[in-house]
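Here are some friendly notes to read beside the model. Please keep the sequence and the 3D view open as you go through the points.

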Amino acid sequence: MITCGNPRAQYESHKAAIDAAARRVLESGRYILSEEVDAFEREFAEYIGVCHAVGVGSGTEALHLALAALGVGAGDEVVTVAHTAVATVAAIELSGATPVLVDIEPQYFTLDPHQLEAAITPRTKAIIPVHLYGQPADLDAIMVIAERYGIKVIEDCAQAHGAMYRGQRVGSLGDIACFSFYPTKNLGAIGDAGAVTTNNSELAERVRHLRQYGWAERNVSNMPGWNSRLDELQAAILRVKLEFLDADNERRREIAALYDELLADSDLVLPAQRPEATHVFHLYVVRSTDRDNLLSALRSSGVGAMVHYPLLHLQPAYFGRLAGAENLPNTERAAKEVLSLPIYPELTDVEVRKVATACERFCGVLSSRA
């Protein structure tokens, strides 16, 4: 089976360096918030182009802590999208705030700025644009609206490590930003891990306190907090992989370009790329009006395609209780049509061609390519 993602392949490609990093941590006797975390935070902040990066336990916790650092809580509203991983909305609810959903741009799958202003109320405290599939959201338009109303912007960068918007890396443009290092991400740990980035020193310090019981110094809680610490082992592994992130992203773009070429004559809708941005193709997502049958055909052909994402607001946990869910036509259409094809840096051109051939066969336009 050609899988959608393959974190083991990434480990195998950097095995010696990752094993050495893990051994270094194991032999150090220091496993929580020590030298490796400090070094990764410095290196990741420099890579993103911000003053501060704070390592935390996961991408979901990064969002939760960012919201808490901004003072978002009960009685507040946070505007975001339904076309995202459930973590985005789960984190808003963890903060005690109310998620308010707006529709997406159909060609880019990201928050539609034209729908944003209508969702803002006196209770709106933050906006979370999601850079979905590796595609940056239209941050300029979003930031203009946010500044007009005095609302904070939290970038959800869980799928967009290294993506660029108008020459800057995502994670450096909003008031604060959140990353997941789940193993399948463009920059993936070997376990759960996350980070918060910001240029605001006060916000960074607040997140540092919140991630460890509100401690400014050990065993002194100056504010209520949680336990959400990036461990030394994951930090050391992330330091290794960070060195290869740009090259890995370039390989993802090469694979996407090959898919574009091979599937050009099919009836699939291929991914659009925002002109002012650099897509990093965490996922290569096509659209088909016969998506479910295509998915079944691909899996029968040994292609592990996946759906990202089903309709969040229709899932049992959220059905009937999310504001804005009644007016999401682009989101609802996308959820019925999107399909993620395999893409990861170690995927070979031969495997890409096998995936494309299976798609073409289903679409009835199998070419003469072997």
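1. Pro183 touches Pro7, Gly188, Ala189, Ile190 and Gly191, leaving aside residues up to four places away in sequence; contact here means heavy atoms within 4.5 Å. Pro183 sits in the loop between strand 9 and strand 10 (194-198). Helices (H or I, at least four residues) and strands (E, at least two) are DSSP runs, numbered from the N terminus. The C-alpha atoms of Pro183 and Gly5 are 9.3 Å apart, although 178 residues separate the two along the chain.

2. A word on the source. This is a predicted model, in which local features need pLDDT of at least 70 and side-chain atom pairs count only at pLDDT 80 or more, while totals for chains, interfaces and linings use all residues. Residues are numbered from 1 along each chain as its sequence is written, and side-chain values use heavy atoms, with hydrogens and water left out.

3. Next, the largest pocket. It holds about 610 Å³ of space. Of its 40 lining residues, Ser180, Tyr182, Thr184, Lys185 and His282 are the closest to its centre. At least two lining residues come from each of helix 1 (7-13), helix 4 (59-69), helix 5 (86-94) and strand 9 (176-180). By class, the lining has 19 nonpolar, 15 polar and 6 charged residues. Here Ala, Val, Leu, Ile, Met, Phe, Trp, Tyr, Cys and Pro count as nonpolar, Asp, Glu, Lys and Arg as charged, and the others, Gly among them, as polar.

4. How many cavities of 30 Å³ or more does a search of the whole structure find? The search finds 1. The largest cavity has a volume of about 60 Å³, and its lining has 9 nonpolar, 3 polar and no charged residues. Among the lining residues are Tyr108, Phe109, His279 and Phe281. On a 1 Å grid over the protein atoms alone, a cavity is a set of points where a 1.4 Å probe fits but cannot get out, and a pocket is an open set with protein on both sides within 12 Å along at least five of seven lines; lining residues have an atom within 4 Å of a point. Grid points are joined across faces, edges and corners, and a volume is the space filled by probe spheres set on the points.

5. Finally, some backbone details. The peptide bond from His308 to Tyr309 is cis, with omega near 20 degrees. Leu33, which is not a glycine, has a positive phi of about 45 degrees.
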